[in-house]
Amino acid sequence: MTILLTTLNARYAHASLGLRYLLANMGDLQPITQIQEFVIGARSTDVVEKILAHRQPGKKFIVGFGVYIWNVVETTQIVAVLKRVAPDVAVVLGGPEVSYETTEQDIVRLADYVITGWGDVSFPSLCQQILAGPKPLMKVHAGLQPPMADIQLPYRLYSDQDIRHRTLYVEASRGCPFKCEFCLSALDKTAWPFDIDLFLQEMESLYQRGARLFKFVDRTFNLNIKTSLKIMQFFLDKLEAAPHDPVFAHFEVVPDHLPDALKEGIQKFPEGSLQFEIGIQSFNPEVQALISRKQNNEKAAENIRWLCQHSHAHLHVDLIAGLPGESMESFAQGFNRLVDLGPHEIQFGILKRLRGTPIIRHTEAFELAFDPQPPYTILANKNIPFADMQRLVRFARYWDMIANSGRFSHTLPQILADAPFEHFMALSDWLYANTDATHRIALDRLASLVSKWMQEVRGISAEAMQAAISSDYAGQAMHKQGSNKTDASAPVRQSKKDAGKEAARALPQRQARHLAA
């Protein structure tokens with residue numbers, strides 16, 4: 001084996017689609033190429049040791065790293081160690097984090113080569129040059145974008161282990177026609193579809209091998225309704241043929257484009273089989289204009305409400321705090337409007353300055369200050385000072401623990417009442433003042449704290465609070481953990497087999513808590 005493809009995934013349950021695309025398109029080099037994935041948090045020396053175990057004495061060895069915003073710090077450390085102990089190893093970088101502003105990055109300085117943009121055909125071409133000559137003279141190579149029909153699909157490279165224990169990422173298209181300035185897809189000219197019939201053949205093969213959880217990474221699943229309907233019908237056919245063995249599909253959809261034909265298909269999906277990620281990001285028209293986001297807010301709100309009331313789709317709707325021109329007050333208005341629409345989860349994100357995105361053009365006018373370290377989270381802007389931005393960061397963390405988790409389904413409406421943002425911000429501030437923590441709060445302790453706040457600050461009676469929280473998942477956990485003499489905050493040890501099973505089921509389980517409420 002001469003070429004190793006590797007990356008640090010955020011979790012074991014994630015399987016790198018990008019590495020599998022590279023391997024599928026290696027051509028004559030495929031027999032001497034292999035994938036090995038790691039998870040962030042691993043010791044850099046341990047990773048390097050495992051990488052070098054693949055090297056054959058006396059032969060050239062190429063290591064290709066997939067570099068992303070969540071793994072660039074640790075990958076930089078790994079590359080530094082690798083080049084220190086094995087300077088003859090050729091290190092090639094690729095991925096969105098190193099595709100822009102390459103001259104400013106330590107990891108690029110350490111590496112031998114970088115491929116920016118698409119790597120499907122450019123990576124094997126570069127490897128051929130490294131192995132057979134002539135030696136490439138340039139460090140940075142602009143990735144060639146081939147015709148979609150020339151790209152070999154990677155799905156056969158998902159192993160049986162992947163299918164049993166991991167989320168399978170798939171894509172029916174690449175790119176995005178929209179120009180939202182906080183997103184790397186703003187740099188795309190359009191969206192490029194794969195041949196839909198060939199793609200569905202690959203999905204059929206995965207299904208026959210036992211795959212039941214499919215996460216589409218397409219930016220705009222419902223851009224081409226004809227294609228969307230074909231894909232949805234594929235899953236509906238599986239659900240009808242084997243209702244006892246359901247399939248689960250996750251799509252990212254444009255909120256203001258939901259024609260009747262698509263609604264009709266969506267209504268056919270039973271509970272627990274369909275999940276939509278919907279990007280609202282902001283309901284403020286002035287902010288939308290600033291960041292080049294075209295969105296019909298009234299139509300988007302109408303469609304979200306329809307999905308909540310007339311379908312079984314589980315909805316994750318995204319908002320971003322810290323956008324230029326958005327104040328705390330206008331963000332709160334948008335948040336309250338979204339809560340009123342009733343999605344299952346509101347993904348509360350904090351603006352990040354992704355390398356290459358046009359959002360930086362607003363830096364001076366709106367005094368945008370970003371953390372210089374990944375993931376480059378905004379620290380303050382003209383409208384939201386640092387202290388308030390920190391409050392929003394904590395709000396987002398507590399919101400995920402309490403609201404999105406589905407563990408407080410009966411208590412949450414009482415927390416939010418008639419002013420969701422304002423009440424939850426008050427709870428967030430109180431939780432931080434009383435715990436000085438936003439992580440590693442055991443569930444039983446969190447339930448107890450929420451109950452205490454509701455009684456002491458909001459004036460809810462102990463009886464009413466007990467009735468609400470005892471019917472929640474959190475309340476049941478509090479009772480069970482409270483009777484356990486072991487430390488409830490201590491991690492539970494699992495075998496790799498059990499951990500893998502749990503990881504593969506994590507998304508449907510979290511959804512199930514919302515459905516059971």
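Q: What makes the approach of the Lys83 side chain to the backbone oxygen of Pro87 a polar contact?
A: A polar atom of the Lys83 side chain lies 3.0 Å from the backbone oxygen of Pro87. The term covers a pair of N or O atoms within 3.5 Å; within protein, one must be able to donate a hydrogen and the other to accept it, and residues adjacent in sequence count only if both atoms are side-chain atoms. At 3.0 Å, the pair of Lys83 and Pro87 falls within that distance. The model is predicted: local features need pLDDT of at least 70, and side-chain atom pairs count only at pLDDT 80 or more, whereas totals for chains, interfaces and linings use all residues. Residues are numbered from 1 along each chain as its sequence is written, and side-chain values use heavy atoms, with hydrogens and water left out.

Q: How do you know whether Asn222 is buried or exposed?
A: The relative accessibility of Asn222 is 0%, so Asn222 counts as buried. Asn222 sits in the loop between β10 and α8. A polar atom of the Asn222 side chain lies 2.6 Å from the backbone oxygen of His257. Beyond four places in sequence, the residues in contact with Asn222 include Ser228, Glu252, Val253 and Leu262.

Q: What makes strand β13 enclosed by the rest of the structure?
A: Eight of the eight residues of β13 (residues 314-321) are buried, so the strand is largely enclosed. In a regular strand the side chains alternate between the two faces of the sheet. In β13, His314, His316, Asp318 and Ile320 are buried on one side, and Leu315, Val317, Leu319 and Ala321 are buried on the other.

Q: How do you know which strands pair with β13?
A: Strand β12 (residues 274-281) is joined to β13 by six bridges, and the two run parallel. β13 and β14 (residues 345-350) also pair in the parallel sense, over six bridges. Glu277 stands opposite His316 in β13, and Leu319 has Phe348 in β14 as its bridge partner.

Q: How do you know that the length of helix α16 agrees with its number of residues?
A: The expected span is 1.5 Å times one less than the number of residues. For the 16 residues of α16 (residues 420-435) this gives 22 Å, and the end C-alpha atoms are 22 Å apart, which agrees. Buried residues of α16 include Phe421, Phe424, Trp430 and Leu431. The buried residues of α16 pack against α12 (328-341), α14 (386-404), α15 (412-416) and α17 (443-456). Just after the helix, Asp436 takes a positive phi of about 55 degrees.

Q: Why is the pair of Tyr21 and Phe194 called stacked?
A: The structure holds 25 aromatic pairs. In one of them, Tyr21 and Phe194 are 6.2 Å centre to centre, with 15 degrees between the planes. Rings of Phe, Tyr and Trp (its six-membered ring) pair if their centres lie within 6.5 Å; planes under 30 degrees apart count as stacked, over 60 as edge-to-face and the rest as tilted. Tyr21 is in helix α1 (residues 17-24) and Phe194 in the loop between β9 (191-193) and α7 (196-208), 173 residues apart.

Q: What makes Arg166 a charge over the ring of Tyr12?
A: The charged end of Arg166 is 5.1 Å from the centre of the Tyr12 ring. The term requires NZ of Lys or CZ of Arg within 6 Å of the ring centre and within 35 degrees of the ring normal.

Note on methods: Helix = DSSP H or I, 4+ residues; strand = E, 2+ residues; numbered from the N terminus. Buried < 20%, exposed > 50% of the residue type's maximum accessible area, 1.4 Å probe, protein only. Contact = heavy atoms within 4.5 Å. Pairing = 2+ DSSP bridges.
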